[in-house]
Amino acid sequence: MIGEKIKNKKFFNWLLWIAIIFFIIFFSLVSIYLSFENKYINKIYPGLYLGKINLEGKTLNEAEKIIGDKINLLNQNGINFYYGDNMTTIFPVVSSLEGDIAYQIINFDTDKSLTIAYGFGRSGNFVADLKNKIKTLFSNEAITLTATVNDNEVEKILKEKFSNSEIPAEDAKLTYKKISRLAEGEIIEFGIS
């Protein structure tokens, strides 16, 4: 009986230590999670990029300003297109021939992109959100800047700028050439060009 009481006491002590360790780990993890959430309250979580722009720890207003500055640079400097050795620049806002009317051929939607960035890890699904937050701690997540492009206008500008590089299409023609003449017949090579 005494041996059984000692075994029960050892088992109870062992179980108590496991419970203590479990609660220490549990409360440590909860504490880390709550401090992480507190640090990023109203801010974009770490590891999120819009293209190459790091948005970590930025409020929506701060991120909007940074991206707005980059878009302003694009509007001023344009976007370079290359074809072979030739290069042309297309500006997102184009002036008409009269110069008094300007229209956008590329429109950047920063609000939509920033909503996606801020909403990352905030879907309301605890497990999915936790998984996304942990994932971005170890690898970056790139969010694409949403843009609307007037394809017809861009294509028209590119055709104008690269017209000297354009090789017009021709109808296919059947061609042939004699390769050699043999006593028994000729060998002829056919091709379509």
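Here are a few notes on the pocket, the hairpin and a helix pair in this predicted model.

1. Start with the largest pocket, which holds about 240 Å³ of space. Two elements each give two or more residues to its lining: helix H1 (2-39) and helix H4 (126-138). Of these, H4 gives the most, with 5 residues.

2. If you want to select the lining of that largest pocket in your viewer, pick Leu29, Ile32, Tyr33, Phe36, Phe126, Leu130, Lys133, Ile134 and Leu137. By class, that makes 8 nonpolar residues and 1 charged residue, with no polar ones.

3. Next, the strands. S3 (residues 79-83) and S4 (residues 86-90) run antiparallel to each other and pair over 5 bridges.

4. The S3 and S4 pair is a hairpin, with 2 residues between the strands. Have a look at Gly84 in the turn: its phi is positive, at about 65°.

5. Last, the helix packing. H2 (residues 60-77) and H3 (residues 110-119) pack with their axes 11 Å apart, at an angle of about 140°. Roughly antiparallel would need an angle over 145 degrees, so H2 and H3 count as oblique to each other. As for handedness, H2 passes H3 in a right-handed crossing.

Conventions: Residues are numbered from 1 along each chain as its sequence is written. This is a predicted model: local features need pLDDT of at least 70, side-chain atom pairs count only at pLDDT 80 or more; totals for chains, interfaces and linings use all residues. Side-chain values use heavy atoms; hydrogens and water are left out. On a 1 Å grid over the protein atoms alone, a cavity is a set of points where a 1.4 Å probe fits but cannot get out, and a pocket is an open set with protein on both sides within 12 Å along at least five of seven lines; lining residues have an atom within 4 Å of a point. Grid points are joined across faces, edges and corners, and a volume is the space filled by probe spheres set on the points. Helices (H or I, at least four residues) and strands (E, at least two) are DSSP runs, numbered from the N terminus. Ala, Val, Leu, Ile, Met, Phe, Trp, Tyr, Cys and Pro count as nonpolar, Asp, Glu, Lys and Arg as charged, and the others, Gly among them, as polar. Two strands pair if DSSP finds at least two bridges between them. Axes are lines fitted to C-alpha atoms, for helices over the stretch in contact, and angles run from 0 to 180 degrees between N-to-C directions. Angles under 35 degrees count as roughly parallel, over 145 as roughly antiparallel, 65 to 115 as roughly perpendicular and the rest as oblique. A crossing is left-handed if the near helix is turned anticlockwise from the far one by less than a right angle, and right-handed if clockwise.
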